[in-house]
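Me: Can you walk me through this model? I'll ask as I go.
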Amino acid sequence: MTSERTWAEVDHFYARLLVPDDPALDDALATSAGAGLPVQQVSALQGRLLFVLATIVRANRILEIGTLGGYSTIHLARALAPGGRMVTLESSTRHAEVAAANLASAGLSDRVDVVVGEALDTLPRLAGTEFDLVFLDADKANNADYLRWAVRLAHPGTVIVADNVVRGGDVLDAGSIDPSVLGIRAFAEALGTDRRLVATAVQTVGAKGYDGFALAVVIDR
Ligand code: SAH
Ligand code: DHB
Ligand code: MG
C-alpha cells in the first residue's frame, strides 16, 4: 500500500513536471522560512489548483482570508483577469510585512491589498464588493463565520475554496475539544445547510500529508 512517503514523492514528481522553476514562488518560500514564519502554505500543486480555479472563473476580484507569507496569494493573484484585484486578510503584522515584500518581488503589489487585522474585524470593510473567488485559509475556529462572509460578498457563480477541512481525519472526531476541529465541523455543517451553496469535499494526500479542500459554488436561489 502507499505510504506518506509515496504521497510526498508523487507530489514532487508532479511538481517537478508541472511547476517548473519559478523564482518568485521560490523566493517567497525562502523569504518566509528565513523570517521564521510557520510552514503552512499550500503545496506547489495546491497553489496551481487555486490558479486553475481562479482562471476558470475569470476572476476579477479575489478574496483570501489568511495570507501568511503570500505564497497562495501569488498563485491566485497571477490568475486575475486584466485589471483585476485581490484582497488578502492577515492578523499578523509580521506575516503581512513578509507577504507584502514577497508580492512586491513577484511584481504583484499593484493588484493586491494586504489588509492587517483580525479578519472578522476587517471583513465588514469589504461590504459592497462582490468577489468571484474566496479562499478561506486562516484560523479554523472562525471558519463558519468566514463562510457566512464569503456568501455575503459573493454573486451567483462565485467559487469558495476552504483549505484544511480534513486534517488527517480529525474532522471525524465529534467529541473533539480542539477549536480548529470544532471550527471545521461547524463550517462543514454550515456548508451543507446554506441553500445558496452547492459544495463538495476533496480529500488530498501529498507533500502536506493527508488533508483536503472544500469547494463550493454560489447558486441563485
Ligand atoms: N494561505 C496561506 C497560508 C495561511 S496560514 C498560504 O497557503 O500561503 C494561516 C494564516 O492565517 C496565518 O498567517 C495566520 O496569522 C492567519 N490568521 C490566523 N488567524 C487570523 C485571523 N483571525 N484573521 C486573519 N488572519 C488570521
Ligand atoms: C497548517 C496547515 C495549513 O494549511 C493551515 O492553513 C494552517 C495550519 C498546519 O500544518 O498546521
Ligand atoms: Mg491552509
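Reply: Helices here are DSSP runs of H or I with at least four residues, numbered from the N terminus. On that count, H95 lies in helix α5, residues 93–105. Keep in mind that this is a predicted model.

Me: Is H95 buried or exposed?
Reply: H95 is buried, because its relative accessible area is 15% and the cut-off for buried is under 20%.

Me: What does H95 touch, leaving out residues up to four places away in sequence?
Reply: H95 touches L37, P38, L68, G69 and E90.

Me: Now ligand 1. Which residues are closest?
Reply: G66, E90, H95, E118 and D137 are the closest, out of 21 residues that surround ligand 1.

Me: Which polar contacts does ligand 1 have?
Reply: Among them, a side-chain N or O atom of D137 is 2.8 Å from a nitrogen atom of ligand 1. A polar side-chain atom of Y146 lies 3.3 Å from a nitrogen atom of the ligand. L68 uses its backbone: an N or O atom there lies 3.4 Å from an oxygen atom of ligand 1.

Me: And how much of ligand 1 does the protein bury?
Reply: The protein buries 91% of the 590 Å² that ligand 1 exposes when taken alone.

Me: Ligand 2 next. Which residues are around it?
Reply: Q40, D137, K140, D163, N164, R167 and K208.

Me: What are the distances to D137, D163 and N164?
Reply: For D137, a side-chain N or O atom is 2.7 Å from an oxygen atom of ligand 2. The N164 side chain also has an N or O atom 2.7 Å from an oxygen atom of the ligand. D163 has a polar side-chain atom 3.1 Å from a ligand 2 oxygen. Taken alone, ligand 2 exposes 290 Å², and the protein buries 70% of that.

Me: Switching to the core. Which residues touch the most other members of the largest nonpolar core?
Reply: L63, L89, L123, L136 and I160, in a core of 30 residues. The elements giving two or more residues to this core are β1, β2 (85–90), β4 (133–136), α7 (143–152), β5 (159–163), α8 (179–193) and β7 (209–218). The largest share, 5 residues, comes from α7.

Me: What does I160 touch, again leaving out residues up to four places away in sequence?
Reply: I160 touches V134, L136, L147, A150, V151, L197, A214, L215, A216 and V218.

Me: What about a second core?
Reply: There is a separate one of 25 residues, including A28, A59, Y71 and L103.

Me: Back to β1. Where does R61 sit?
Reply: R61 lies in strand β1, which covers residues 61–65. R61 is partly exposed, because its relative accessible area is 31%. Beyond four places away in sequence, R61 touches L80, G83, G84, R85, T129, E130, F131, D132 and L133. D137 is 76 residues from R61 along the chain, and their C-alpha atoms are separated by 17 Å.

Me: Last topic. How many aromatic pairs are there?
Reply: The count is 1 aromatic pair. It consists of F13 and Y14, with ring centres 5.0 Å apart.

Me: Why is that pair edge-to-face?
Reply: The planes of F13 and Y14 are at 85°, and planes over 60 degrees apart count as edge-to-face. F13 counts as partly exposed, at 40% relative accessibility. Y14 is partly exposed too, at 40%.

Key: Residues are numbered from 1 along each chain as its sequence is written. Chains are lettered from A and ligands numbered from 1 in the order in which they are written. This is a predicted model: local features need pLDDT of at least 70, side-chain atom pairs count only at pLDDT 80 or more; totals for chains, interfaces and linings use all residues. Side-chain values use heavy atoms; hydrogens and water are left out. Buried means under 20% relative accessible area, exposed over 50%, partly exposed in between (1.4 Å probe, protein chains only). Contact means heavy atoms within 4.5 Å. A nonpolar core is a set of buried Ala, Val, Leu, Ile, Met, Phe, Trp, Tyr and Cys residues joined through side-chain atoms within 4.5 Å. A residue is near a molecule or strand if one of its heavy atoms lies within 4 Å of it. A polar contact is a pair of N or O atoms within 3.5 Å; within protein, one must be able to donate a hydrogen and the other to accept it, and residues adjacent in sequence count only if both atoms are side-chain atoms. Accessible areas come from the Shrake-Rupley method with a 1.4 Å probe; for residues, only the protein chains shown count as cover. Rings of Phe, Tyr and Trp (its six-membered ring) pair if their centres lie within 6.5 Å; planes under 30 degrees apart count as stacked, over 60 as edge-to-face and the rest as tilted.
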